[in-house]
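Please read them with the structure open.

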Amino acid sequence: MGFYIVQLLTGLSDASALFLVACGLSLIFGVSRIVNLAHGSFYMVGAYIAYTLIDRLPQGPFSFWVGILLAATAVGLIGVIVEVLLLRRLYHTPELFILFATFGVVLIIQDLSRWLFGAEDLLGQQAPGFSGSIDIMGSYIPQYDIVLIIIAPAILAGLWLLLTKTRWGILVRAATEDREMSDALGVNQTRLFTSVFFLGSFLAGLGGAVQLPKGGADLLMDLNIIATAFVVVVVGGMGSIPGAFLAAVIIGELNAFGVLVFPESTLVLMFLVMAVVLIIRPYGLLGKKEAPEHGGTAGDESVLRPASGKLKIAGLALLVLVAVLPAFVGTFQLVLLIEIALFSLACMSLYFIMGPGGMVSFGHAAYFGGGAYIAALLVHYLQTPMELALFLAPLLTGFLALIIGWFCVRLTGVYLAMLTLAFAQICWSIVFQWGEFTGGDDGILSIWPSDWASEKIVFYYLTMILCLGGILVLRHFIFTPFGYTLRACRDSALRVDSIGINLQRHQWFAFAIAGAFAGLAGGLYVFSKGSIFPDEMAIPRSFDFLFMVLLGGVESLFGPIAGSAAFTWLHDTISRINLWQLVLGCIFIVLVVVFPMGIAGSIGSRLSRFFRPR
Amino acid sequence: MIVKRTLVTVLMVSFALTLGLVPAAPAADTIKIGEINTYSKLTNFTFPYRNGWQLALAEINAAGGVNGKQLEVISRDDAGKPGTAVTIAEELVTKDRVALLMGSFFSHVGLAMTDFAKRNKVLYVAAEPLSDALVWAKGNRYTFRLRPSTYMQAAMLAAKAAKNPAKRWATIAPNYAYGKDAVKSFKKVLKALRPDVEFVAEQWPALFKINAGSEIQALAAAKPEAVYNVTFGGDLAKFVREGTLRGFFKDVFMVSLLTGEPEYIDPLKGEAPEGWLVTGYPWYDIKTAAHDKFLAAYQKKYNDYPRTGSVVGYNTMMAVAEMLKKAGTTDTEKMVDTMEGLTYDSPTGPVHFRKIDHQSTMGAYVGYTALKDGKGVMVDWNYADGKDFLPSDDEVRKLRAK
């Protein structure tokens with residue numbers, strides 16, 4: 001009996017830690033619609049600053065709690081700096097670009113923290129007065145767990161009072177409900193956003209600081225917590241603080257009892273919960289349908305036009321360049337070009353559902369990695385020749401996308417994106433856990449091309465033909481009636497409905513097509529590298545694709561190619577130097593600020609007069 | 001507008017330049033070595049590792065290099081991704097023209113490199129990756145490994161653990177290949193030595209995402225007499241703190257892989273557990289002339305004490321230099337032939353690269369943890385020589401059979 005009570009309380013204390021990180025994120029998203037990837041970094045910085053302060057201040061309960069509050073305030077101020085210097089300049093750009101900018105902040109904070117706080121893991125200090133444990137019928141629970149269980153509802157109550165009983169809270173709720181209306185009524189949006197960002201970052205820092213006695217500070221904290229925090233926010237319903245609390249409790253308790261029954265479940269449990277909740281409740285447990293923007297999305301995206309004569313000539317020139325390039329460059333440049341081509345195709349497929357389809361995917365690596373694994377498994381177990389594997393990989397990946405898409409197209413916006421993420425994580429965990437079949441994280445080795453294609457140069461041409469072919473086919477789809485309908489679905493669901501087009505079915509098929517082409521890219525990838533590991537299906541890979549597309553710009557068909565070329569090349573060149581993440585983060589931020597439409601979008605708009613059909 | 005135009009131009013020009021770069025001809029008086037490791041993650045291991053090989057490199061070059069040639073190491077970061085590591089390996093080999101590759105931390109990155117080495121016939125000296133598959137199931141002619149593998153370290157612990165009367169065992173390990181290998185090997189060796197033990201529970205927290213409280217509870221529910229732990233880093237710290245608070249370690253005999261390494265026990269400070277049977281590196285207590293020399297040189301250069309990673313980095317570099325000296329050439333086949341059966345004296349004792357599976361016999365220190373001056377240390381330790389904890393040659397041949 002004591003055992004179950006203690007397990008219940010342990011789950012609750014984990015839930016409290018989760019809630020503290022998630023509530024700030026939910027608050028920021030609710031008001032500004034920013035998907036703030038830097039939230040995990042703020043959490044990490046909170047832990048580091050609190051550790052340093054508590055270490056320096058004289059020992060005692062007073063300095064412990066003061067240290068935590070000071071650290072949280074410092075993180076709140078860092079949040080304000082980021083908001084004022086960076087995010088404020090980006091509110092007029094599409095929300096996804098802000099996500100990209102916050103990723104730049106993640107990279108910068110990562111390297112700065114290493115430089116400031118050192119490479120070694122830090123074990124957090126115990127809370128003075130709460131360093132013992134309590135005996136509950138023979139089982140022990142740390143006193144600090146009880147403290148956490150009390151802190152979280154206290155914060156929840158505090159936030160509730162703040163949001164319902166103060167004028168500031170009313171404005172925040174108004175902005176969450178309908179941003180444009182509150183703007184029209186004369187509410188100072190700039191100040192409101194800054195203050196909300198302060199509070200959200202403060203809470204992130206508080207979360208990091210308060211967990212010190214349960215853990216500590218290390219450099220992996222930021223990325224480890226951010227996915228979890230997003231899951232909690234989405235399961236609860238974005239912008240809903242009580243929802244986040246409910247979701248944290250559910251996930252905390254399921255984790256606590258899950259390890260008793262099925263110890264391996266910790267990998268995936270959270271994402272399973274998210275998938276189930278989103279399928280049943282498309283806006284999370286306590287979330288509300290997002291108010292439609294009054295202006296509609298028209299004008300956000302420039303109209304895509306079929307290529308003009310001049311553009312076709314430019315494209316042809318590019319093809320010729322690709323064909324003759326091997327005569328001028330070394331073997332390694334070929335390898336890099338192959339990689340760029342593969343990523344271009346994967347990005348083009350992502351762009352296909354993101355741009356014309358209007359559906360953001362956070363889980364595109366599921367298809368890329370899926371295609372790679374299908375090809376690798378076929379070769380490994382059935383000795384399938386490369387040609388057949390490359391044919392079957394996109395086909396089977398298309399089926400996978402068809403299954404996942406069936407669930408996803410029922411949702412919209414960030415919820416849709418998070419459901420794709422959930423499915424990608426589920427696929428990843430299957431590959432990761434099913435070691436007997438997939439090799440687990442030891443991967444599958446020795447998957448090399450057929451003999452005729454084993455020369456680098458031959459494989460280069462093969463990759464170029466398939467990738468450029470795939471890109472052109474996808475481009476062609478955009479200008480078929482199907483593609484036009486898809487864009488209509490994106491621009492006005494209401495009008496599409498009223499003229500009798502089945503919106504979901506079009507989006508569903510678009511999903512499958514995108515999946516299939518990503519699968520082709522994945523299939524080629526495994527033959528170019530010779531091995532495949534679950535990393536290629538994991539969250540970072542999905543976000544790499546997203547960033548490549550954003551870097552290139554979502555307004556131009558050339559964007560995915562430009563983006564993946566720039567991304568791959570930047571990574572390869574910059575990773576030679578120390579603190580390269582810092583430099584890369586800065587470059588990303590500069591690019592987002594200077595090219596708010598992406599590289600290709602910005603170049604394209606300047607050259608548009610030249611390329612416009614007469 | 002001007003900013004944009006300049007930026008576009010700069011981007012395009014530099015892009016074209018990097019793509020068009022023709023591989024530079026290697027200078028005649030240096031030997032280039034490609035080194036790849038995860039320097040942007042797990043820095044608590046990889047930074048001391050880098051210090052280690054840089055110290056060795058400085059010593060080698062100060063002593064006149066190898067056969068009159070200076071060594072040059074081109075070091076790159078793989079960010080912990082196997083795909084990136086393979087691309088960089090390709091670049092180092094085809095563009096920078098390195099003679100051989102060394103490094104790696106993660107097992108899966110190491111395995112990707114192993115496969116690359118086999119395919120491209122490039123010598124690869126794995127420094128840290130512990131996976132058994134690296135030299136056995138996926139082993140090949142071109143891959144060598146320095147560090148004692150998961151199997152060897154688990155076997156060292158199991159040999160000592162077998163002397164404890166405990167019969168009911170539980171295990172906790174991070175849920176990925178290294179954790180799984182470590183548990184499997186330990187069970188196998190312990191069962192062989194002590195057929196009467198039974199394993200009553202297994203816990204598999206996700207790597208670096210442990211919910212320590214719940215895991216401790218789950219272990220306690222099985223009422224084990226002894227627990228074998230494989231968690232490390234931040235997971236270990238949380239595990240130790242929760243276990244102590246919940247009174248879990250009081251009556252349980254703890255056996256723990258890698259926990260005695262300074263990388264992992266030092267962050268625990270005064271909360272370091274006592275009486276755990278661990279593998280590690282008691283640098284403060286090793287009194288051999290070779291180690292004293294290494295320790296003095298390391299402390300002089302970095303004003304810091306060496307970690308396990310430092311020794312691994314130092315030994316890898318030294319082994320490579322020794323091999324190059326003996327081979328007298330950078331021809332891959334000749335280097336591989338020299339590497340097979342190479343023996344050299346490291347600060348931690350003689351290291352021998354076995355011809356049969358290309359595993360080195362570098363050992364590990366096995367002992368018990370204790371608290372001294374508010375710090376975790378290892379006591380009653382002995383150096384377990386790697387050669388005593390490898391399976392029989394027949395078994396190895398079977399494992400390596402293709």
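The points below go from the overall build to the details.

1. Basis. This is a predicted model: local features need pLDDT of at least 70, side-chain atom pairs count only at pLDDT 80 or more, and totals for chains, interfaces and linings use all residues. Residues are numbered from 1 along each chain as its sequence is written, while chains are lettered from A and ligands numbered from 1 in the order in which they are written.

2. Chain A overall. Chain A has 25 helices and four strands. Helices (H or I, at least four residues) and strands (E, at least two) are DSSP runs, numbered from the N terminus. The radius of gyration of chain A, taken over C-alpha atoms, is 25 Å, close to the 25 Å from the globule rule for 614 residues, so chain A is as compact as a globular protein of that length. That rule is 2.2 Å times the number of residues to the power 0.38. The C-alpha atoms fill a box of roughly 75 × 60 × 50 Å along the principal axes.

3. Interface. In chain A, 62 residues are in contact with 65 residues of chain B; contact means C-beta atoms, placed from the backbone, within 7 Å. Helix α1(A) gives the largest share of chain A's side, seven residues. By class, that side has 24 nonpolar, 23 polar and 15 charged residues. Ala, Val, Leu, Ile, Met, Phe, Trp, Tyr, Cys and Pro count as nonpolar, Asp, Glu, Lys and Arg as charged, and the others, Gly among them, as polar.

4. A helix pair in chain A. Helices α15 (386-408) and α21 (503-529) of chain A pack at about 145 degrees, their axes 7 Å apart. Axes are lines fitted to C-alpha atoms, for helices over the stretch in contact; angles run from 0 to 180 degrees between N-to-C directions. Their contact has 21 nonpolar, seven polar and no charged residues.

5. The sheet in chain B. Five strands form an open parallel sheet, ordered β2-β1-β3-β4-β5; strands pair if DSSP finds at least two bridges between them. β2 (70-77) and β5 (143-145) of chain B stand at the edges with a single partner strand each, so one side of each has no neighbour in the sheet. The twist averages 25 degrees from one strand to the next.

6. β4 (124-126) and β5 of chain B pair in the parallel sense over three bridges. Y124(B) has T143(B) as its bridge partner in β5(B). Helix α4 (107-120) of chain B packs on the sheet, touching β3 (100-103), β4 and β5 of chain B. Its direction makes about 160 degrees with that of β4(B).

How values were computed
Contact = placed C-beta atoms within 7 Å.
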